[in-house]
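Hi everyone, thanks for making time today.

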Protein chains: 2
Amino acid sequence: MMAYEYNDQILVVDTGIMFPENDMLGIDYIIPDFEYLLAHRDKICGIVITHGHEDHTGAINHVVEEIHAPIYATPLTRGLLEVKLTRAGLDKKVNLNTIQAGDTLDIGPFQVEFFHVSHSIPDAVGLGITTPAGLIVHTGDYKFDPTPVDGWPTDFAKLAEFSSRGVLALMADSTNADKPGWTPSEKKIDPAFDEVFSAAPGRIIVASFASLISRMQQVANAAQRHGRKIAFVGYSMKANSTMARELGYLDISDNVFVSINDALKMPDKDIVLMCTGSQGEPSSIMGRLSSGTNRHFSVQKGDTIVLSSHPIPGNEESVFGTINRLFRRGANVIYDPLAAVHVSGHASQDEMTLMLHLVKPKYLIPIHGELRHLRQHATLAAEAGIPAENITVIENGQIVEFVDGQLRLGERIPGGYIFVDGSRVGEVGPSVVREREALARDGIVLISLTLDHNGHLREDPEIITRGFVYKRDADELIASLTEKIARAVERSTGDIHNHVVQTVRSHIFNETKSRPTVLVTLSWV
Amino acid sequence: MMAYEYNDQILVVDTGIMFPENDMLGIDYIIPDFEYLLAHRDKICGIVITHGHEDHTGAINHVVEEIHAPIYATPLTRGLLEVKLTRAGLDKKVNLNTIQAGDTLDIGPFQVEFFHVSHSIPDAVGLGITTPAGLIVHTGDYKFDPTPVDGWPTDFAKLAEFSSRGVLALMADSTNADKPGWTPSEKKIDPAFDEVFSAAPGRIIVASFASLISRMQQVANAAQRHGRKIAFVGYSMKANSTMARELGYLDISDNVFVSINDALKMPDKDIVLMCTGSQGEPSSIMGRLSSGTNRHFSVQKGDTIVLSSHPIPGNEESVFGTINRLFRRGANVIYDPLAAVHVSGHASQDEMTLMLHLVKPKYLIPIHGELRHLRQHATLAAEAGIPAENITVIENGQIVEFVDGQLRLGERIPGGYIFVDGSRVGEVGPSVVREREALARDGIVLISLTLDHNGHLREDPEIITRGFVYKRDADELIASLTEKIARAVERSTGDIHNHVVQTVRSHIFNETKSRPTVLVTLSWV
């Protein structure tokens, strides 16, 4: 999420989410902190969404509930937003506007020129934003794929034209800044699919992201080449593929496309199923297939399963766990690096350098990526001739100001993560997550004491544990703990509660070398 | 851990540990279930350790406490075992025997020929085990590095000689079965280090594994070439480097080697520090440097930090988080793929095929690796001409029997994971981990009620939460919960406990869409 502000008017670009890291326990997803935009909501003149991937659209529901500015998107991106908004019952609330690559639009004080970029989804755009302070080029996610699936490469001419006008600043995708060379074309996947399809003795099941419309097209094309029918499985795969077919972004003829129910009645070697779960998510179709808990159909011996994606960092373990479980169920599993069944949608180092040479910006601000990617992008730009003092690596919340053609850093506004947990947005913060970490590490021991007015135990302490011991194995430990607690209560002269907590903690640590959370409640009668 | 058994005598090979996966909450490490060996401990005639890495030695303390068979290892492997056993106070208990590559030893009914293999640690061996049933070749971890750091390549001649005698079965390393080609030589790292050392304006800090003795040598050599001194930081780095220098496996001259205290007094550009933490472990030196909690010294602007390892699957996120934090503290961080500062110690596909052609076994049993690697190794072997029915992919606990030169599967014995948590070995199992998962996901809500003999509340319920809400933000929720509980108690006609639990669960789910663990205790007065 980025905001361009001039003279009390704000243009918002993208409304993405992030997926929680493994140590953000219990968090469903993360949205950006847009407190600044909420405080200035009346100034917002528009929201542009560059393409339909979750990390650029996923927070749209949260945004439209608070901010009522017009939204601009290309037809496919708009379709994906509509699927999402409809599912949340928010589709009637929003002012959605369709734009096309090549359009120029005045949004408040900003003249926005939308230009096509190739990426792993069709209909992605970058933005040339002419502001009174100068021309800013915002790439969005892009690659310079010479042979993209939809035959529509990134608009080199427009980028060159921007440079002829003089570009004040380039905001450019840094995701693959540590990948040397040039990202392979999406077309490179076709021969790998052909090999897999030729060798598969039975069903083929391909897992990918539900928003990877280009991949759906490639799998459908492979199905057609090899005389198979394709069915999409799962809510978002079905909804997105239906929408993309209706809008003409997914070209699958009716004699290749079948429903999952029809597919399951056909001979195994005549079908391809496409579903979600390439990241090892346990609740996805592929996750359920791997654990044998998918209701509709199961993995069977002879199935060929293709994971058409790379693990997102942090997901490797669950992806590989899923692969191992699928093998154990008798499937043959094809994944990168066994076959080139996935390529990245982002520019690699040589493409990033080409972008700099095409756009010739005065300033570079690397965007999209972890800090290590932004820094590496800065290193590449310096090597490509941008003066080091004109490259600014910033993190979320840092305001950058352009005054008289000069860049300077402004104030730092809230730019952190807002955790979404169930229906709670921002209520579960780092302190709650730290409590969850302690619980996850060693569990909890609860001691409930009933005392008479003389401070004597009325009955044996009630001891309940979760995540600490398996009760049946712990008779001895519980017995010794009961005894220690009784003695602590009898001997306590001051704060009984504190005395019992300390006694329990130290006895447990001595016996187990672990430190569960200890809670003690006292009832006085 | 593998066991070879003949006629009531057992030879054990390796005693490794595994590191817990991200969803094995709170587990410190995993040892193999060796219940079978405990039940047959009197039959064990020897334990051979093939090399000094944790995944082959880490469980040695647990094994020697129970099993008193002689242990055989090469000098460096023995030295690393001694460091470990001494730290645990177990060094006096064990019968350690030094062997050398090239030795032949009778251990019970087994004639064991130790042959050198190159790996990312010196002094690694594979085993030719002549049994009355036939000759078994056990590779251990290996690669066919033509230019290893210690100048000692894998013993091709011995492998070929085995094949001339006829090999019944090959047990071979499968770790890199999905990596095409040939693993680069360790020597390939030297130019990458030279580049880093030439460019570094200040201190260089290299993180790797404490058992990667070859890497220590390479960093020390680079230090010498570039006129820097090297210091090792942290308990295991210091202990292992001292031992390896004493035994002659680490050749660092006294005018290059300095203590960390002396190093910190020298000019920044004259020193290299080497420490642990290349996997992003928060408690390692590099982990503490990244979070600013290392006591002895801190990261400073101008430091060049090299992570000389690949993330083990599952560690990517913490490794990349560590890198980002180090960048934020002003360091320049070099890691693969930015520079070739690490290569794998395991054979890739073409080397695995070469091993098959050299040894020409009748049977192949892939070992070392996840199921996906074992399967891929089987595929490679079939392509290399081993008949499919002579390749057996098995998982832990599966007994394989050779009778009259024919392989058959025996019974399945316990072969699972034993979790080590603090001082508890095997007491924390999957059910406790599942409770921890529930606690980690949504936290816990504890309700403590004091009731009079008529079943009326004597006072307001006591509500304590951990990992569920930040109390100061939750006044409203706690107030409504208090009210619901009071009403539930008053209206309850049967099981008050159960009625309160259900009321609390459903109220919390309605308000937050989350499902914390709910515990209710009742005190009757």
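Let's start with the second largest pocket, where α13 of chain A gives the largest share of the lining, with 6 residues. Keep in mind throughout that this model is predicted. The pocket holds about 770 Å³ of space. Its lining has 26 residues, and those closest to the centre are Gln376(A), Thr379(A), Asn332(B), Val333(B) and Ile334(B). So which elements supply at least two residues each to this lining? They are α13 (371-383) of chain A, together with α6 (189-199) and β16 (332-335) of chain B. By class, the lining divides into 14 nonpolar, 7 polar and 5 charged residues.

How many cavities of 30 Å³ or more does the structure hold? There is 1, and about 60 Å³ of space lies in this largest cavity. If you'd like to find it in chain A, look for Ser278(A), Leu307(A), Ser309(A), His310(A), Pro311(A), Val319(A), Phe320(A), Ile323(A), Tyr335(A) and Asp336(A), which line it. Helix α11 of chain A, residues 316-328, gives the most to that lining, with 3 residues. The classes here are 6 nonpolar, 3 polar and 1 charged.

The bond from Asp336(A) to Pro337(A), however, is cis, with omega near 15°. Pro337(A) sits in the loop between β16 (332-335) and α12 (349-359) of chain A. Turn to chain B, and you will find a cis peptide bond joining Asp336(B) and Pro337(B), with omega about 10°. Pro337(B) is in the loop between β16 and α12 (349-359) of chain B. While we're in chain B, have a look at Asn7(B): this residue is not a glycine, yet its phi is positive, at about 50°. You'll find Asn7(B) in the loop between β1 (2-6) and β2 (9-13) of chain B.

Let's finish with two helix pairs in chain A. On the α6(A) side, the contact is made by Ile189(A), Asp190(A), Phe193(A), Asp194(A) and Phe197(A), while α7(A) brings Arg215(A), Gln218(A), Val219(A), Ala222(A), Ala223(A) and Arg225(A). In this contact there are 6 nonpolar, 1 polar and 4 charged residues.

The second pair is α15 (residues 475-491) and α16 (residues 496-512) of chain A, packed at about 150° with axes 9 Å apart. Are these two roughly parallel or roughly antiparallel? α15(A) and α16(A) are roughly antiparallel, because angles over 145 degrees count that way. The crossing of α15(A) and α16(A) is right-handed. Among the residues making this contact are Leu477(A), Leu481(A) and Ile485(A) of α15(A), and Val500(A), Val504(A) and Ile508(A) of α16(A). Sorted by class, the contact of α15(A) with α16(A) has 9 nonpolar, 5 polar and 2 charged residues.

Note on methods. Residues are numbered from 1 along each chain as its sequence is written. Chains are lettered from A and ligands numbered from 1 in the order in which they are written. This is a predicted model: local features need pLDDT of at least 70, side-chain atom pairs count only at pLDDT 80 or more; totals for chains, interfaces and linings use all residues. Side-chain values use heavy atoms; hydrogens and water are left out. Contact means heavy atoms within 4.5 Å. Helices (H or I, at least four residues) and strands (E, at least two) are DSSP runs, numbered from the N terminus. Ala, Val, Leu, Ile, Met, Phe, Trp, Tyr, Cys and Pro count as nonpolar, Asp, Glu, Lys and Arg as charged, and the others, Gly among them, as polar. On a 1 Å grid over the protein atoms alone, a cavity is a set of points where a 1.4 Å probe fits but cannot get out, and a pocket is an open set with protein on both sides within 12 Å along at least five of seven lines; lining residues have an atom within 4 Å of a point. Grid points are joined across faces, edges and corners, and a volume is the space filled by probe spheres set on the points. Axes are lines fitted to C-alpha atoms, for helices over the stretch in contact, and angles run from 0 to 180 degrees between N-to-C directions. Angles under 35 degrees count as roughly parallel, over 145 as roughly antiparallel, 65 to 115 as roughly perpendicular and the rest as oblique. A crossing is left-handed if the near helix is turned anticlockwise from the far one by less than a right angle, and right-handed if clockwise.
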